[in-house]
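Have the viewer open as you read along.

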Amino acid sequence: MKVMASNNIISLKHVYFTYPNSKRPALSDINLDIKRGSWTSIIGHNGSGKSTITRLINGLLLPDENQNTYIVVDNQELSDDTVWNIRDKVGIVFQNPDNQFVGATVADDVAFGLENRGIEHNEMKTRVVKALEEVGMTEYATAEPSNLSGGQKQRVAIAGILAIRPKVIILDEATAMLDPNGRESILRLVKHMKERDNLTVISITHDVNESIELADNVVVVNDGKILATGDPIKVFENQAMINEIGLEEPFIFELKNKLIKAGINIPLEIDTEEKLVNYLCQLNSTM
Amino acid sequence: MDPRGKLLATIFFVCIIFLANNWLSYSIICLFSLLAVWATKLKPKVFWDGVKPLIGLIFFTSLLQLFFTSGGEVYWKWWIFTCSSYGITNAVYIFIRFTLIILISTVMTVTTMPLEIADAMEWILTPLKIFKVPVDKIALVMSIALRFVPTLFDETFKIMNAQRSRGADFNNGGLIKRAKAIAPLLVPLFINSLQTAVDLSTAMEARGYRGSEGRTRYRVLNWSKYDLYNLGYFVILTVLLLIFRTH
C-alpha cells in the first residue's frame with residue numbers, strides 16, 4: 001500500500017492479532033489514527049488489548065497475516081526492513097520499573113539505547129548528561145537501581161528514551177506501580193518534554209482522571225475492539241458505556257451526578273472542573 | 001586504580017607465590033602482601049572476615065602437611081603420624097601461602113566494585129574472540145546478572161516474609177523438613193525470574209538492542225600511572241623471588 005505523508009504519525013488499519021495458543025483474537029479490526037504532537041490515552045480494563053496495540057506499533061509483536069492490514073509510523077510502513085528504523089522513533093516506558101532497567105548504574109542504563117545505535121563515545125556522554133539533567137536525576141548518575149525508588153527508576157527509563165530523541169513516547173501503564181506523588185511528577189515531566197520537543201505521547205492507563213486532564217484524544221478499548229475515540233470529555237459523558245465496561249467514572253461526572261441527585265440542577269454543558277467551579281460559585285452568590 | 005590491573009595482578013600473584021620455597025623468599029612475599037594490605041588503608045577486621053570462613057581448611061591442610069611429610073629429623077612418631085622438621089616447615093609454608101592468597105584476593109574484592117570486576121573479566125576474555133567466543137554477550141550477561149543480584153535478594157526476602165505471614169517456617173526442623181520448606185520460596189522466585197527475563201528482553205528490544213553487532217560502549221576503563229607502578233612492583237617481586245629461590 002502506498003504511504004502518503006499526513007498529519008497522522010501513527011495509522012493502524014484493519015489490524016488483527018491473535019496470541020499463540022489462544023483461540024480468540026486479542027485484537028480484531030483495529031483502525032486507529034494518531035495525530036502528530038497529540039496526547040492520546042488508551043483506556044480499558046485488564047486484558048482488553050491495550051498493551052498489545054503499543055507492541056504492534058513498534059514491531060515487538062507482528063499482526064496476523066491479512067492483506068488489508070497495514071501499520072504506518074511517521075510515513076514508514078512497518079515491515080522487516082523498517083522495524084529498527086521505527087524503533088528509533090518510538091520509545092516505550094513499561095509498567096514495572098525494575099524489569100526494564102538494563103544497566104548496572106543509572107548512567108549505563110540511559111546509555112544502553114545509545115550503545116545499541118553505535119553512537120560514538122563523546123556524543124554518548126553529552127547526551128547522557130543532558131538526558132539525566134532533563135529528568136532531574138543528575139546527582140544519581142552513578143547510583144545502582146536497587147538504591148532508587150520506583151519513581152526514580154521510571155525517570156531513568158524516560159531519560160533513556162529522551163537520549164535517543166524519539167518522535168513518539170509510549171507510556172505503557174508507566175505510572176501504575178507508583179504512588180500518587182511519583183505518578184504526578186512523571187506525568188508532569190512527560191508533558192513538559194512533549195510540549196518542548198513536539199513529541200507525540202500515547203499513554204495506556206486505567207486512570208480516567210489522567211485522560212481527562214492530559215489527553216487530547218481518548219481511545220476506549222474493550223475485548224480487543226475500539227469502542228469509542230475522540231475528545232475525552234465527550235467520550236466519558238457516555239456513562240452507560242463507561243459503566244458497562246467497568247471503568248471508573250471521572251471525578252467531575254461523579255460529582256455532577258451526586259449534585260444532581262442532591263437536587264441541584266446542573267446544566268449538561270458543564271463538563272470541566274473549571275466550568276463546574278464557576279457555575280457553583282455563581283449559584284452560591286445568587287442564593 | 002584500573003580493575004584490569006588489579007585482576008591481572010591478583011592472578012599473577014597466585015602464580016608466583018609458588019616460586020617461593022625458602023624462608024627468605026617467603027619473607028619477601030609476606031612483606032609485599034602486607035604492604036598491599038597496608039596500602040588499602042582498611043581496617044584489619046575486613047581482612048579477618050575474608051580469612052575466617054576458610055580457616056578450617058587452612059588448618060586442616062597445614063596439619064596434614066605436618067603429620068604426613070617424612071624426612072629430616074624425626075621428633076615424634078606414632079603409628080602413621082610423624083612430626084619431622086620437614087613437616088613443620090612445609091606446614092608453615094602452606095599456612096602462609098593460603099593466608100596470603102586469601103588476603104590478596106580480599107584486597108582485590110573489597111577495593112573493586114563487582115561491576116568493575118566484570119569489566120576487567122571482559123577485557124581479559126577479549127582474546128577469546130579469535131575462537132568465536134561471544135565475549136560481548138557474556139559481558140552483557142555478567143553485567144545484567146550483577147545488576148539483578150540485589151533485586152533478587154529483595155524479592156527473596158519479600159517472598160519469605162509473605163510465606164512466613166501464612167505460617168511457613170524456614171528455620172526449624174530436620175534436613176528434609178527444611179528442604180521441603182524451601183519449595184514455597186523457590187517456586188515463586190523461579191517464576192518471577194522468568195517473568196523478569198521476558199519483560200527485560202522486551203524492554204531491551206524496544207530500546208534497539210539487536211545483538212552485539214555495531215554496539216558501542218559507554219563505560220571505558222583507563223590505565224593510570226598507578227597501574228603501571230602496580231605491575232612494576234610485581235615485576236620486581238618476581239625478580240626478587242627468582243634470585244632468592246633455592247634450587
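A polar contact here is a pair of N or O atoms within 3.5 Å; within protein, one must be able to donate a hydrogen and the other to accept it. With that rule, 13 residue pairs, both at pLDDT 80 or more, are in polar contact across the interface of chain B and chain A. Do keep in mind that this is a predicted model.

On the side of chain B that touches chain A, the elements giving two or more residues are α7 (135-164) and α8 (175-206) of chain B. Of these, α8(B) gives the most, with eight residues. By type, the residues on this side of chain B are twelve nonpolar, seven polar and eight charged.

Now for the extent of the contact. Chain B brings 27 residues and chain A brings 35 residues. Together the two chains bury about 2800 Å², with 55% of it on carbon and sulfur atoms. R147(B), R207(B) and Y218(B) supply 33% of the area that chain B buries against chain A, more than any other three residues.

The rule also finds four salt bridges across this interface.

| Pair | Kind | Distance |
|---|---|---|
| R219(B) and D108(A) | salt bridge, closest N and O atoms | 2.8 Å |

Helix α1 (residues 3-16) of chain B has 14 residues and should span 20 Å at 1.5 Å a residue, which agrees with its end C-alpha atoms being 20 Å apart. Its buried residues include L7(B), F13(B) and I16(B). The buried residues of α1(B) pack against α2 (23-40), α5 (85-111), α6 (114-125) and α9 (225-244) of chain B.

Technical notes
Residues are numbered from 1 along each chain as its sequence is written. Chains are lettered from A and ligands numbered from 1 in the order in which they are written. This is a predicted model: local features need pLDDT of at least 70, side-chain atom pairs count only at pLDDT 80 or more; totals for chains, interfaces and linings use all residues. Side-chain values use heavy atoms; hydrogens and water are left out. Contact means heavy atoms within 4.5 Å. Buried area is the accessible area (1.4 Å probe) that two parts lose on being put together, summed over both. A salt bridge is a side-chain nitrogen of Lys or Arg within 4 Å of a carboxyl oxygen of Asp or Glu. A polar contact is a pair of N or O atoms within 3.5 Å; within protein, one must be able to donate a hydrogen and the other to accept it, and residues adjacent in sequence count only if both atoms are side-chain atoms. Helices (H or I, at least four residues) and strands (E, at least two) are DSSP runs, numbered from the N terminus. Ala, Val, Leu, Ile, Met, Phe, Trp, Tyr, Cys and Pro count as nonpolar, Asp, Glu, Lys and Arg as charged, and the others, Gly among them, as polar. The expected span of a helix is 1.5 Å times one less than its number of residues. Buried means under 20% relative accessible area, exposed over 50%, partly exposed in between (1.4 Å probe, protein chains only).
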